[in-house]
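I'd like to walk you through one structure, a piece at a time. Have a look at it before I start talking.

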Amino acid sequence: MVSRLLTRPDIGAFVGAVAVWLAFGYFARDVDWLTDPAVYASWTDQAAQYGIVAVPVALLMIGGEFDLSAGVMIGSSGLLLAYLTTHQDMNIWPAMAIVLAFGLTIGFINGITVVKTRLPSFIVTLATFFILQGVNAAGTLKLTGTTAIQNVDAASGFDSARKFFAGDLTQYDFKVKVLWWIGVTVIGAWILAKSRFGNWIYGAGGEPSAARNIGVPVVRTKIALFMMTSTTAALMGIIEVFELNSMQAKEGVGLEFIFIICAVVGGCLLTGGYGSVIGTFFGAAMLGMVQLGIVFSQWDSNWTYAFQGAILFSAVVLNTLLRSRAQKAR
């Protein structure tokens, strides 16, 4: 029974997160890392930035695909929201609806391109990444004369919407964003464990030909996953606009790799068909701790990249070993 539980990717991710938490409890001696609520508020805020988008990225990876445009979509969506509200004088609520529709559209384009051309999703979404990055910088500069849009808080409806996306929950500065992270995780876990769509995701990623033969709509499943990923990235862009009251063209670039690391820590295989949303949650928590723990430990922030690489490599090796053990046990 114990050996079977240990093959679950979420258990491994949980153990890893606890190990990182205890390690920085030792190294970050200038703060009360283990018991100070303000410290928890800091690293959970960072973890939520990773975890919200990492959940649909994990589902997409389980479905056998990648989306390298998820990070830059945060900047694209935030810039669109900022432009509509500051330069087109649009109320924040309808502007957010347009931004979410934009996310759905980009996801649909990515998905339909992958399934119709049969090109690797790595290549298709890498192309989308560069296209959006260019539009973010050049397009924003052309329309506004700068690559950053400020003073979004002056838009009508901003204050009423902000409390739902970037408000404070407690006196210790826990953010509403953490609830979004938990909510997205619960929905993703339910989809995988309890819904027919979850079975379709596993089938589309593990054995797409066999799944298609038994009636699984592989094409529709993959397109839906791409749309979920881009739309959630658009949601993250909206959240960041409310947090920063502005948006820059380079916002979100590079986060796509963090999302993938979170998913891999959660047990997602690069070949698809296997993974855990709960494990991805703990992967995001782990990386949030690393980001803040290095700062609190007063180390050079460049060590963050070394930690991220080490976590990625360790997760891949561990997942491979546990997967092999599980297959032998059968």
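Okay, one word before anything else: when I say two residues touch, or are in contact, I mean that they have heavy atoms within 4.5 Å. And please keep in mind that what you see is a predicted model.

Let's begin with S297. Where does S297 sit? You'll find S297 in the loop between α13, residues 277-296, and α14, residues 303-329. Is S297 buried or exposed? The cut-off for buried is under 20% relative accessible area. S297 has 11% relative accessibility, so S297 counts as buried. Leaving out residues up to four places away in sequence, S297 touches F24, F27 and A28.

Ring pairs link F24, Y26, F27, W33, F296, W299 and F307 into a cluster.

Let me pick out F158 and F242, which form a tilted pair, with 5.0 Å from centre to centre and 40° between the planes. Now find them on the model: F158 is in helix α7, residues 158-165, and F242 is in helix α11, residues 218-244, so this pair ties together parts that are 84 residues apart in sequence. F158 is buried at a relative accessible area of 2%, and F242 is buried at 0%.

F242 has a second ring partner, F165. That pair is stacked, with centres 5.5 Å apart and 5° between the planes. Which parts does the pair tie together? F165 lies in helix α7 and F242 in helix α11, so the parts tied together here are 77 residues apart in sequence. Both F165 and F242 are buried.

F242 turns up again when we look at the nonpolar core. The largest nonpolar core has 86 residues, and the members touching the most others are V53, W181 and F242. Which helix gives the most to this core? That's α3, with 15 residues. If you click on W181 and skip its neighbours within four places in sequence, you'll see contacts with T44, A47, A48, G51, I52, F281, A284 and A285.

On to charges. Side chains of opposite charge can pair when their charged atoms come close. In this model the count comes to four salt bridges. One of them joins D45 and K177, whose closest N and O atoms are 3.3 Å apart. D45 belongs to helix α3, residues 37-62, and K177 to helix α8, residues 176-194, so the pair ties together parts 132 residues apart in sequence. K177 counts as buried, at 3% relative accessibility.

K177 also meets E243 in a salt bridge, 3.0 Å from N to O. E243 is in helix α11 and K177 is in helix α8, so here the parts tied together are 66 residues apart in sequence. E243 counts as partly exposed, at 27% relative accessibility. Through shared partners, salt bridges join D45, K177 and E243 into one network. Another salt bridge links the side chains of D168 and K175, at 2.6 Å from N to O. D168 counts as partly exposed, at 47% relative accessibility.

Two last stops. Helix α4 covers residues 70-86, which is 17 residues. From first C-alpha to last, α4 reaches 25 Å, close to the 24 Å expected at 1.5 Å a residue. Is α4 mostly covered or mostly uncovered? Mostly covered: 14 of its 17 residues are buried.

Then there's V152, in the loop between β1, residues 148-149, and α7. V152 is buried, with a relative accessible area of 0%. What does V152 touch, once residues up to four places away in sequence are set aside? The list is A82, T85, T86, I92, F158, V241, N245 and S246.

Key
Residues are numbered from 1 along each chain as its sequence is written. This is a predicted model: local features need pLDDT of at least 70, side-chain atom pairs count only at pLDDT 80 or more; totals for chains, interfaces and linings use all residues. Side-chain values use heavy atoms; hydrogens and water are left out. Helices (H or I, at least four residues) and strands (E, at least two) are DSSP runs, numbered from the N terminus. Buried means under 20% relative accessible area, exposed over 50%, partly exposed in between (1.4 Å probe, protein chains only). Rings of Phe, Tyr and Trp (its six-membered ring) pair if their centres lie within 6.5 Å; planes under 30 degrees apart count as stacked, over 60 as edge-to-face and the rest as tilted. The expected span of a helix is 1.5 Å times one less than its number of residues. A nonpolar core is a set of buried Ala, Val, Leu, Ile, Met, Phe, Trp, Tyr and Cys residues joined through side-chain atoms within 4.5 Å.
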